[in-house]
Amino acid sequence: MSEVKLDDIVSLAKRRGFIYQGSDVYGGLSGTWDYGPLGVALKRNIMQLWWKMFVEDRDDMYGVDAAILMNQKVWQASGHVDTFTDPLVECSNCHGRFRADKLADSNKCPTCGKEGTFGEAKQFNMMFKTNVGPVDDESSISYLRPETAQGIFTNYKNIVDSFYPDMPFGIAQQGKAFRNEISPRDFVFRSREFEQMEIEYFVREDNWEESFEHWRQQWHAYFAALGLPAESIHELEVPAEDRAHYSKRTMDFEFDYPIGKEELAGLAYRTNFDLSNIERVAKKSMEYIVKGTNDRFVPHVIEPTIGVERAIMAVLSNSYREDEQNGEKRIYLALPEHLAPVKYCVSPLLKNKPELVEKAREVYAALKAKYGAVMWDDNGNIGKRYRRQDEIGTPHCVVIDFQTLEDGTVTVRDRDTTEQRRVGVEELGP
Ligand SMILES: [Zn+2]
């Protein structure tokens, strides 16, 4: 388990504009979270890194962005309508509702403390149901998608017809997914609305083990790129009785979070379950035909999947640090530079000296043109500015002082070591 406390992360995330409770001004909405300016930047950097590694840098991957609302047949065929459920119990004394398999004591209500007040567990479907169009009947039912994967399977045929990729190939998607969790908890770890990054990698049945191994290694490469130490990642071979109904092999990648060792990402061999379901229900062939041959088959799939919020929580808790500087406690985020929401902060030493401000604005504009993610900060004294930037994980703080006006050098202060050095403006860069 990590030594960082979840409360410290939640408090910093709110204080510095990363993540807020959803609908906070109205008392909040349980299981929803809003991202502030720095949270959006961090989230996008994490998502973009994944997209670059697994889509842009490869020649066997195709990106899609499918609609969140889908034909209800998708969820009937996939088994979600019947089986995407959690066991729900209700206390007959206080009417509190709980997930039966997550109770500390299966016979005692955690709210009112009464024993023996739970009846039989009911199966509660976690999909958010809605109606599409003005008619509220069975035919108009739709759901907010509980996973992005189905938007990939429903586009498999489109991709094959448009691009005719060689086997194996993959389709990738990032986007929102929704689950009506009975008890959302642990900050963004288990929320009702979240973001997924999923790949369906289509293979010949005979080759599934090879591709499984390939993606197992790719996962470790991605975790390393997120700056997560290898010793904090644990592979868990999921036993058959705990696997999703469609999977023949599943590996979870767990991370040492402040809340304990919990799932960060998954890797599943989904067989040809989903494409076969489409064939059965939609009555359309999902066969892949090898170019110039009569070799045809319904591909099997390997599915690497990750919840973006879990990656964010891993990155934040891994980079959260406390130390002492000049006898004062300091909090900083040791984020890898490529993930940091702000790469450089630029300040004039004194904000009431027009010549310093003018020069600082010049440096700020130049750096901003080069890196984009550059912040201007002239509030309070330099010490306060450094503390603010440390807490949001800005790797470099640049200060323009009187010597800058004489010799064109600036002070650059390093977030992790707090060391300062003088460099020429033109030398600034990663
Ligand atoms: Zn109760």
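A residue is called buried if 20 or more other C-beta atoms lie within 10 Å of its own, exposed if 12 or fewer do, and partly exposed in between, with C-beta atoms placed from the backbone. The structure is a predicted model, in which local features need pLDDT of at least 70 and side-chain atom pairs count only at pLDDT 80 or more, while totals for chains, interfaces and linings use all residues. Residues are numbered from 1 along each chain as its sequence is written.

The protein has 430 residues, and 36% of them count as buried. Its C-alpha trace spans about 75 × 70 × 50 Å along the principal axes. It contains 12 helices and 23 strands. These are DSSP runs (helices: H or I, at least four residues; strands: E, at least two), numbered from the N terminus. Domain bounds come from an automatic or database domain assignment. Domain 1 covers 6-81 + 130-317, domain 2 covers 85-125 and domain 3 covers 342-427. The centres of domain 1 and domain 2, taken over C-alpha atoms, are 30 Å apart. Two residues are in contact if their C-beta atoms, placed from the backbone, lie within 7 Å. Among contacts between residues at least 6 apart in sequence, 63% join residues at least 24 apart.

Helix α7 runs through residues 208-225. From first C-alpha to last, its 18 residues reach 26 Å, close to the expected 26 Å. That expected span is 1.5 Å times one less than the number of residues. W208, S211, F212, W215, W219, Y222 and F223 are the buried residues of α7. Seen down the axis of α7, they fall within an arc of 120°, so they line one face of the helix. The arc is that of the directions from the helix axis to the C-beta atoms. An α-helix has 3.6 residues a turn, so residues three or four places apart point the same way. On the other side of α7, E209, E210, E213, Q217 and A221 are exposed. The cover over the buried residues includes helix α2 and strands β10 and β16. Just after α7, G227 has a positive phi of about 85°.

Most residues other than glycine have a negative phi, and most peptide bonds are trans. F187, in the loop between β9 and β10, has a positive phi near 60°. F187 counts as buried because it has 23 C-beta neighbours inside 10 Å. T271, in strand β13, also has a positive phi, about 50°. With 19 other C-beta atoms within 10 Å, T271 is partly exposed. A cis peptide bond joins M167 and P168, with omega about -5°. P168 lies in the loop between α6 and β9.
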